[in-house]
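Visitor: I would like to know what stands behind the terms used for this model. Please take them one at a time.

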Amino acid sequence: MLPTIEWKDDAVVMIDQRKLPSAEVYVTCRTAAEVARAIKTMVIRGAPAIGVAAAMGIALGLKRSNATGTKQLATEFQRACDRMAATRPTAVNLFWAIERMKRTFADAAQAGGSVAEIAQRLETEARRIHDEDVASCRAMGAHGAALVPDSATVLTHCNAGALATAGYGTALGVVRAAVERGKRVAVLADETRPFLQGARLTAWELVKDGIDTTVITDNMAAAMMRQGLVDLVVVGADRIAANGDVANKIGTYGVAILAREHRIPFYVAAPISTIDLGTPDGSRIPIEERDAREVTHVGSARLAPAGARVRNPAFDVTPAEYVTAIVTERGVVRAPYEASLAELVGSRQYAVGRVELS
């Protein structure tokens with residue numbers, strides 16, 4: 001399993017995804033501010049991984065606190081939470097992790113814990129979030145593998161693999177699980193402009209695992225589908241609204257339209273923490289606009305003329321009607337999503353009916 005992020009020697013260590021595939025470099029963060037900067041600058045990316053990083057960053061901040069009492073510690077804790085919340089607005093896992101850390105802090109403080117005891121509780125919770133994410137991805141993969149036919153070619157967009165999570169992956173977790181069950185699976189990886197997560201990260205992961213991988217430019221997907229070279233699409237998600245609308249990397253919406261036109265199943269793989277029942281539909285999901293340089297340059301090479309205006313929304317929203325099914329660690333849900341997602345999130349055990357058990 002790729003070591004995307006880990007707590008090591010009272011520091012948060014993460015692979016620098018900006019350097020892949022040319023160099024495997026690890027960044028060591030020793031303060032909450034350094035973790036927040038790593039999230040903001042995309043040293044680490046992918047909704048589940050961002051949530052894990054935020055939790056670890058908050059815990060790290062308090063671990064290194066010089067607070068002499070719980071009141072001062074609470075102020076530092078809130079500052080760390082606010083710093084993490086300001087990094088990436090679209091990925092709901094970030095805010096889910098922050099809220100979970102807030103509950104842990106409140107419980108520890110209410111129990112009369114000392115500064116050291118509260119800090120330790122937060123570290124334990126951050127480590128638990130990490131381990132639960134890995135387990136969640138493996139469970140998700142097990143459910144999703146049943147949807148992958150033998151000898152299938154899967155098209156994926158962006159990177160929803162081990163690098164986007166604490167390990168194993170969401171969309172790529174489905175691919176990995178299918179391969180582990182003996183199915184022959186090939187992957188078409190959209191390059192995913194402008195940050196090239198598909199070409200740089202998805203392909204790097206899959207080649208490392210020995211999985212048949214072909215990189216295509218984003219504008220080749222339609223031609224591949226028309227030629228019958230795609231059997232299904234599996235993507236991840238950064239936020240899923242209550243009605244089933246899905247926010248994912250820019251370009252996903254176009255892939256979904258193409259899949260529907262060519263009668264190809266379009267699956268979304270994401271953990272329960274990505275489902276945001278408080279957001280009624282995709283129009284309410286905030287879309288992050290990133291630096292224009294990501295579009296105008298590749299490395300130091302300029303692609304567009306100076307003076308041209310640039311748009312760089314990092315995500316788009318795929319309407320629920322284009323989503324064949326959503327794969328989670330608790331099972332597979334289908335439309336009507338208002339009911340099936342609410343039932344899924346509220347269930348402590350696998351539900352029956354609209355939630356399919358693998």
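Guide: Two strands pair if DSSP finds at least two bridges between them. Helices (H or I, at least four residues) and strands (E, at least two) are DSSP runs, numbered from the N terminus. The model is predicted: local features need pLDDT of at least 70, side-chain atom pairs count only at pLDDT 80 or more, and totals for chains, interfaces and linings use all residues. Residues are numbered from 1 along each chain as its sequence is written, and side-chain values use heavy atoms, with hydrogens and water left out.

Visitor: What makes strand 4 and strand 7 a pair?

Guide: Strand 4 and strand 7 (residues 232-235) are joined by two bridges, in the parallel sense. Pairing needs at least two, so the term applies. Val-154 has Leu-232 of strand 7 as its bridge partner.

Visitor: How many bridges join strand 4 to strand 5?

Guide: Five bridges join strand 4 to strand 5 (residues 185-190), and the two run parallel. Thr-156 is partnered by Ala-189 of strand 5.

Visitor: Why is the unit of strand 4, helix 6 and strand 5 called right-handed?

Guide: The word is used because, with the strands pointing away from the viewer, the path from the first strand over the helix to the second runs clockwise. Strand 4, helix 6 (residues 171-180) and strand 5 form a β-α-β unit of that hand.

Visitor: What makes strand 4 mostly covered?

Guide: Five of the five residues of strand 4 (residues 152-156) are buried, that is, under 20% relative accessible area with a 1.4 Å probe and protein chains only. In a regular strand the side chains alternate between the two faces of the sheet. Here Ala-152, Val-154 and Thr-156 point one way, Thr-153 and Leu-155 the other, and all are buried.

Visitor: Why is a space called a pocket and not a cavity?

Guide: On a 1 Å grid over the protein atoms alone, a cavity is a set of points where a 1.4 Å probe fits but cannot get out, whereas a pocket is an open set with protein on both sides within 12 Å along at least five of seven lines. The largest pocket has a volume of about 370 Å³, the space filled by probe spheres set on the points, which are joined across faces, edges and corners.

Visitor: What lines the largest pocket?

Guide: Its lining, meaning residues with an atom within 4 Å of a point, has 15 residues; Phe-195, Glu-294, His-297, Val-298 and Gly-299 lie nearest the centre. Helix 10 (293-296) and strand 12 (297-298) each supply at least two lining residues.

Definitions and conventions. Buried < 20%, exposed > 50% of the residue type's maximum accessible area, 1.4 Å probe, protein only.
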